[in-house]
Amino acid sequence: MIEVTASPLEPETVQKDLMSFMKSLMIVGAVLATTQAIARERAAPQATPHERIVQMRNRGASGFFVFEPSLTRAMPGDTIRFVPTDMGHDVVAVPGMLPAGVAPFKGEMGQAFTIKVTKSGVYGFKCTPHYAMGMVGLIVVGKPINLAAAAQVDHPGKAKQVFAALLAQAAKP
Ligand SMILES: [Cu+2]
């Protein structure tokens with residue numbers, strides 16, 4: 001005769017195991033949701049009202065190393081959010097290309113960066129390592145009142161023609 005001994009699993013132990021299993025499921029779920037949100041944000045960042053998004057990209061519709069869009073129209077009080085879709089870029093105001101009284105701004109390499117634009121005019125910015133390759137952009141807030149002054153600024157390499165095209169575009173209503 002074989003004696004079968006049922007392994008005595010205490011109901012309490014079973015419940016504890018189940019709880020810790022559920023907990024790990026929840027953690028996995030939360031991590032997954034966060035990862036998906038980050039992936040979505042990278043693919044197509046969503047702007048909130050009164051916010052404009054400019055992506056820093058290794059490759060965009062107009063070529064390599066670009067701010068996308070390169071020209072952003074905004075209203076006083078809006079926020080411009082620079083998103084590091086690709087790494088290795090920064091956002092730095094170009095001297096002489098800001099409305100009077102606006103302090104120069106500078107983001108960190110590879111980091112998201114946000115500025116609130118309160119004064120009308122054009123705001124020229126560049127990516128430090130790719131300035132000469134034409135990685136520049138323009139924000140036009142309200143009327144481009146400092147357009148003539150901004151057009152006087154000289155730029156290296158391809159930035160010269162990119163800024164000339166952006167300023168011409170900014171001049172149109
Ligand atoms: Cu860059």
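Modeller: First, a definition: helices (H or I, at least four residues) and strands (E, at least two) are DSSP runs, numbered from the N terminus. By that count the protein has three helices and eight strands. Along the sequence they follow the pattern α-β-β-β-β-β-β-β-β-α-α.

Two notes on the source. The model is predicted: local features need pLDDT of at least 70, side-chain atom pairs count only at pLDDT 80 or more, and totals for chains, interfaces and linings use all residues. Residues are numbered from 1 along each chain as its sequence is written.

Now the helix, H3. It covers residues 159-171. The expected span of a helix is 1.5 Å times one less than its number of residues. For the 13 residues of H3 that gives 18 Å, and the end C-alpha atoms are 18 Å apart, which agrees.

Next, burial. A residue is buried if 20 or more other C-beta atoms lie within 10 Å of its own, exposed if 12 or fewer, and partly exposed in between; C-beta atoms are placed from the backbone. In H3, the buried residues are Ala 159, Val 162, Phe 163, Leu 166, Leu 167 and Ala 170. They fall within an arc of 130° seen down the helix axis, so they line one face of H3. The arc is that of the directions from the helix axis to the C-beta atoms. An α-helix has 3.6 residues a turn, so residues three or four places apart point the same way. On the other side of H3, Gln 161, Ala 164 and Ala 168 are exposed.

What covers the buried residues? The cover includes strand S3 (71-74), strand S7 (121-126), strand S8 (136-141) and helix H2 (147-151). H3 lies across S3, S7 and S8, at about 20° to S8. Axes are lines fitted to C-alpha atoms, for helices over the stretch in contact, and angles run from 0 to 180 degrees between N-to-C directions. Contact means C-beta atoms, placed from the backbone, within 7 Å.

Leu 138 shows the packing. Leaving out residues up to four places away in sequence, Leu 138 touches Ser 70, Leu 71, Val 122, Tyr 123, Gly 124, Leu 166 and Ala 170.

Finally, the core. A nonpolar core is a set of buried Ala, Val, Leu, Ile, Met, Phe, Trp, Tyr and Cys residues joined through C-beta atoms within 7 Å. The largest has 29 residues; Val 122, Tyr 123, Leu 138 and Ile 139 touch the most other members. H3 gives the most to this core, with six residues.

Technical notes:
Two residues are in contact if their C-beta atoms, placed from the backbone, lie within 7 Å.
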